[in-house]
Amino acid sequence: MSKNLFSAAVLGTVVSFVSANALAKLDANEIARLGQDLTPVGAEKAGNASGTIPAWDGGLTQAPAGYDPSKGYVDPFASEQPLYTITAANMAQYADQLSVGHKAMLEKYPSFKMPVYPSHRTAGLPQAEYELIRQEAATVELASGGNGLVNYQKTTVPFPIPKSALEAMWNHLVRYRAGGFTDYPTEMVVQANGAFTPVRRIRQVVMASAMPNAEPNRLFYFKNNVLSPDSVSGTQTLIHEPLDQAKESRLAWQYNPGQRRVLRAPELSYDTPVGTSDGLRTNDSVDMFNGAPDKYDWKLISKKEMLMPYNTYKLADTSLKYEQIIQANHLN
C-alpha cells in the first residue's frame, strides 16, 4: 500500500432526489462556514475525537526542502514509521474501518498487508480558488436530472456542502486540476505468474473553463497517445467532454494506426471495457469515475471513518523499477 492511510468520510444517504435544484446553491449562512468550522472546500476542519485525524491547518502549500522537479517528488514524511500493520491475522480488529476490497485482498493473499502511518491533511488550493468557490457556491445548481451544472463558470468545488449524491459526484468531476495537465501513465495487465507488458502513453487534459474560446457546453478536452508496445503504439484518442451530457453525448474519435484512419468512437463511454486492460476496467472507472452519471442511482449513505491510501510518495520514487513494484498477486 502507499504510505499514509487515514480515516476519511465516505458518502452517505439522502431520503430522495426530489427537487434536487432547490437543494443546491448555498445561502449566506452556509457560505460563511467555509474557512470557519469547515475548510474552504467544505470538509470538516476539526480533527476527530480520537486524534487519529488531525485538524486541517491549511495543507502542504510549499515544496519540501530538497525538492528538485527533475528528480520527482520528495517525501515530507520519509522518517515516519507505521503505527501498526494490518494483516489477515488481525484484520477482524479493524474490520469496521476496512473497505470490502481491502478485506478481500487480505483474505485471498496472505502476503498482502496494510502498514498504517500517521494521518496528514496536506490538501491545499490557491487562495484565488477558495474565493471562487465561495462566489459560485451561491449560484451553481444541478441541471434537470443532475447530469450537468447550471450557472457554472469555473469553480472546482461547486457544492462545498453537498446535499445530494450527485452534487458530491460533480465535485469530483470538476475538481481542481490546475486548468489542465500532461502525464505519462503506464498500465500493466499482470498475469497469474506475475508477468506483464507495460503499456505506456502520454495524456493531455485541458479544462474548458481555463480556455478563452472553448465551445459551449464543454467540461474538458482530452487527448491520449499510446507510445508502446509496438502492437498498439500510435493509437490515439481525442475526447470533447460535454458539461451536460443529457444535452449532448461525449464526442470521441480514435486513430487506428493499422487502418490509418480516424473514426468516431461512441463506445468510449459508460461500461465499455478499455481496450488495453484485458477487460479489467471500463471507461467509467477511469479516474475513479468519468462521463455522464445518468445510468446510475446515486445515494449519500453517511459519513464513516475508513482506512485508505492517502499519498503515493514511496510508490512514485523514480529510482524504482517496475519489477520492484509489480507482483503476481498485488503491488509491493
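Why is strand S9 (residues 218–228) largely enclosed by the rest of the structure? Here are some notes on this predicted model, starting with that strand.

1. Eight of the eleven residues in S9 are buried, so the strand is largely enclosed by the rest of the structure.

2. S9 has strand partners worth a look. With strand S8 (residues 199–207) it pairs in the antiparallel sense over eight bridges, and there Arg-200 has Ser-228 in S9 as its bridge partner. S9 also pairs with strand S10 (residues 236–242), again in the antiparallel sense, over seven bridges. In that pairing, Phe-220 stands opposite Glu-241 in S10.

3. Now for the charged side chains: twelve salt bridges turn up in a search of the whole structure. One of them joins Arg-201 and Glu-187, with the closest N and O atoms 2.8 Å apart. Because Arg-201 lies in strand S8 and Glu-187 in strand S7 (residues 186–187), this pair ties together parts that are 14 residues apart in sequence. Arg-201 is buried at 10% relative accessible area, and Glu-187 counts as buried at 11%.

4. Glu-187 also forms a salt bridge with Arg-281, at 2.7 Å between the closest N and O atoms. Arg-281 sits in the loop between S12 and S13, 94 residues from Glu-187.

5. Do have a look at Asp-287 and Arg-175, whose salt bridge brings the closest N and O atoms to 2.6 Å. The pair links distant parts of the chain, 112 residues apart. Both are partly exposed: Asp-287 at 40% and Arg-175 at 23%. Through shared partners, salt bridges join Arg-175, Arg-177 and Asp-287 into one network.

Methods: Residues numbered from 1 in each chain as written. Predicted model: local features only at pLDDT ≥ 70, side-chain atom pairs only at ≥ 80, totals over all residues. Heavy atoms only, no water. Buried < 20%, exposed > 50% of the residue type's maximum accessible area, 1.4 Å probe, protein only. Helix = DSSP H or I, 4+ residues; strand = E, 2+ residues; numbered from the N terminus. Pairing = 2+ DSSP bridges. Salt bridge = Lys/Arg side-chain N within 4 Å of Asp/Glu carboxyl O.
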